[in-house]
Amino acid sequence: MGSDHTRPAPSAPPRVRRILVVTVVPLFVATVLAAVLLWPRGGPPQTDGGADVPRYPGTVTRVVTEPCPPVPSTPEGAPRGGAGPCGTVDVRVDDGPTAGQKVQTPVPDGPGAPRVDVGDEVILVELTDPTDPALSNWNIAEHQRGTPMVWLAVVFAAAIVAFGRWRGLAALAGLAASFAILLTFVLPGIGAGRSPLLMAVVGAALIMFVVLYLTHGVTAQTSVAVLGTLGSLVLTGVLATIATAATHLTGFGSEDATTLSMFQGDVDLHGLLLAGIIIGSLGVLDDVTVTQAATVTELANANPGLTRLQLYRAATRVGRAHIASTVNTIVLAYAGASLPLLLLLTADSRPIGQILTSEFLAQEIVRSAVATLGLIAAVPLTTGLAAVVTAAGRADEPDQPRTPPPFTATDRWPESNRSTETAW
C-alpha cells in the first residue's frame, strides 16, 4: 500500500496485457454505458413531507432553570412533578433575517433533547402559528456541529496523507469519488423510482473501477483485484436475492424504511435492502481482493521458482487468516450499527427463536451472512486469477517447479522500496 513508485516496475508480458485488456475494458465500457443510461436527470423528486421549517444558527447567552410544575394526578398514583428540565434559554440569532436579535426559548426537553449551556452554538427553528402567521415561537433543535466536524475531517485527511503519502492522497480522492457517485447517481436514481438493485450494481461497479485504479494505479495487479471484486459482487447479489426471497424479507425491517415508505411510497424497499447489502459488501471486498492480488505478486517476486499451484496455496493460507479476522469485523460492524436493535433483545419477552426470525433481526442476520459468503468467495477467485496472471509469460514450463539459484555472499537482498506491482 505504501510502496515507492518512483522506480519503474517491470512490464507485464504482452500476452497478460492482451488478456487483461480484452477482459477489463469491455466491463468498464459496459459499466460506463449503463451509468450514462441510468443517470438521473432533473431535480430530486418532491415529497409531501410538509414545508421546511426555517433553521437559523444562534449562540446561547443565558440559561435559567426552574422546578417543573406538577402534573395532574393519575389513577395509578399521586400528583408528581414534571420530568423536566424546565426553564428558559436566551439565544442570540447569528444569521438570517433576524440576525443579532435575542430570542427566548424553552429549555429543550424530551428524549434526545440537547443539553445547552452558556456559549453553546445551537440551531434554532421558528414555528409559526398556522391560524395567525404573526405569532411565532422559537425552539432549540440541536447543536451546531460544523466546526468540530471540519477539524475532525482535517485530522483524518492529514493522518492518511502523512502515513500513505501519495498513495494516501489517492485514497482520499477515491473516497471523495465514492461519495460523489453515491450522492449524484445511486441515491437520486433510487429516489427517482429506478430499480435499487440495478442502481446499486452499476454504482458499485463504477465505484470499484474508479477507486481501485485511482488508488492502486493502472497495473496488472489492480486489474486482477478488479476482476475478483466484480465476480464476488455478482455472487453476493445472487446470494442476497436468493436469501431474501427464501426468508420472505420485505425490506420493512427498520423504522427508517417504514418512514421512507410514508414519504416515498414508490420506493422498492426489498430492492433497497439488496442494494444496501451489495454496497456494504464492496468496501470489504476490495480490501480482500487487493490484498490477495498483492500477496501473490509479492510471493512470486520473493521466490520466482513457485508454480501457479504453489502460489495459489501459499496466498490462500494468507487469505484464510485475513478472512478469519474480517468476518468478525463485518459482524461487529453490523452489530454496532444496530446496537439499539440488539438491546431490544434484553427487553423482549418472546422466545429467542421468535426474536431471531422476526423481520427486523432476520434482516441483519441475512445481511451479515450474505456479505460473509461473498467475502469468502473473493479469496479463491482473486487468488486463482492472480496466480494465473503472475505465472503467465514465464519462459520455462509454469507447472514444473523451478529451483532458484543459491544465495551467495555477493548477492544482495531485494531493495525494500522497490515496487512489486506489475505494470501494464
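1. A salt bridge is a side-chain nitrogen of Lys or Arg within 4 Å of a carboxyl oxygen of Asp or Glu. With that in mind, the side chains of Glu-142 and Arg-145 can be read as such a pair, since their N to O distance is 2.8 Å and they meet in a salt bridge. Please keep in mind throughout that this is a predicted model.

2. The structure holds five salt bridges, and another of them also involves Glu-142, whose side chain meets that of Arg-55 with an N to O distance of 2.5 Å. Because Glu-142 lies in strand E7 (residues 132–143) while Arg-55 lies in strand E1 (residues 55–66), this pair ties together parts that are 87 residues apart in sequence.

3. Taken together, Arg-55, Glu-142 and Arg-145 are linked in a network of salt bridges. As for how open these residues are, Glu-142 counts as partly exposed at 28% relative accessibility, Arg-55 counts as partly exposed at 44%, and Arg-145 is likewise partly exposed, with a relative accessible area of 44%.

4. A further salt bridge joins Arg-367 to Glu-364, and here the closest N and O atoms are 3.5 Å apart. Both residues belong to helix H10 (residues 359–391), where they are three residues apart and therefore separated by about one helical turn. Arg-367 counts as buried, because its relative accessibility of 13% is under the 20% cut-off, and Glu-364 is also buried, with a relative accessible area of 15%.

5. Turning to the nonpolar residues, the largest nonpolar core has 51 residues, of which Phe-185 and Met-208 touch the most other members. The elements that give two or more residues to this core are helix H1 (14–38), helix H2 (146–191), helix H3 (196–216), helix H4 (220–246), helix H6 (269–302), helix H7 (308–337) and H10. Among these elements, H3 gives the most, with 11 residues.

6. Which residues are in contact with Phe-185, leaving aside its neighbours within four places in sequence? They are Ala-35, Leu-38, Trp-39, Pro-40, Ala-180, Met-199, Val-202 and Gly-203.

How values were computed. Residues numbered from 1 in each chain as written. Predicted model: local features only at pLDDT ≥ 70, side-chain atom pairs only at ≥ 80, totals over all residues. Heavy atoms only, no water. Helix = DSSP H or I, 4+ residues; strand = E, 2+ residues; numbered from the N terminus. Buried < 20%, exposed > 50% of the residue type's maximum accessible area, 1.4 Å probe, protein only. Core = buried A, V, L, I, M, F, W, Y, C linked by side-chain atoms within 4.5 Å. Contact = heavy atoms within 4.5 Å.
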